[in-house]
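Subject: Structure handover

Hello,

Please have it open while you read the notes below.

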Amino acid sequence: MFTFRFSSFIRRNNQIIFGNRNMVQTLINNENEIIERKKLLRTIIKQKLQTITNEEREKAGELISQKFSETEDFKSSQSISIFLSSSTEVDTNNLLRLVLSSSN
């Protein structure tokens, strides 16, 4: 019969990870570092999105709609979900019009 002795554990993604205190502390520190880096990355992306002009957003939206309309996935789809864009995101109005016009 085997006996395992662990001094600590951590719950992550609905799994429990057992280990010694150092291992668990390292996992927690790494997780906290990842969270902080993700926050920083979100801030950087948000700032960069704010520098894009409305014309650039519209052109990008048109290009995306054109490319998407040429795909087999679009041509053979029976349903499509689209997120409406916010003021700092690529304009999805052309894509929405394309999808609505193709459903007729």
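Arg37 is exposed, since its relative accessible area is 57%. Here buried means under 20% relative accessible area, exposed means over 50%, and partly exposed is in between (1.4 Å probe, protein chains only). The side chain of Arg37 meets that of Glu33 in a salt bridge, at 2.8 Å from N to O. A salt bridge is a side-chain nitrogen of Lys or Arg within 4 Å of a carboxyl oxygen of Asp or Glu. Glu33 is partly exposed, with a relative accessible area of 40%.

This is a predicted model, in which local features need pLDDT of at least 70 and side-chain atom pairs count only at pLDDT 80 or more, while totals for chains, interfaces and linings use all residues. Residues are numbered from 1 along each chain as its sequence is written, and side-chain values use heavy atoms, with hydrogens and water left out.

Glu33 and Arg37 both belong to helix H1 (residues 21–50), where they are four residues apart, about one turn of the helix. Helices (H or I, at least four residues) and strands (E, at least two) are DSSP runs, numbered from the N terminus.

The structure holds two salt bridges. The other one joins Lys39 and Glu36, with the closest N and O atoms 3.6 Å apart. Lys39 and Glu36 are three residues apart in helix H1, so about one helical turn separates them. Both are partly exposed: Lys39 has a relative accessible area of 45%, and Glu36 is at 47%. Side chains of opposite charge can pair when their charged atoms come close.

Which residues gather in a patch of negative charge on the surface? They are Glu55, Glu56, Glu58 and Glu62. Such a patch is made of residues with over 30% relative accessible area and no salt bridge, like charges being joined within 9 Å. Asp and Glu count as negative, and the charge of Glu is placed at CD. Glu55 lies in helix H2 (residues 54–69) and counts as exposed because its relative accessibility is 53%.

As for the whole chain, there are four helices and two strands, in the order β-β-α-α-α-α from the N terminus on. Of its 104 residues, 12% count as buried. The accessible surface comes to about 9,200 Å² (Shrake-Rupley method, 1.4 Å probe), and 53% of that surface belongs to carbon and sulfur atoms. Among contacts (heavy atoms within 4.5 Å) between residues at least 6 apart in sequence, 38% join residues at least 24 apart.

Regards

Methods
Patches are made of residues with over 30% relative accessible area and no salt bridge: like charges are joined within 9 Å, nonpolar side chains (Val, Leu, Ile, Met, Phe, Trp, Tyr) within 5 Å.
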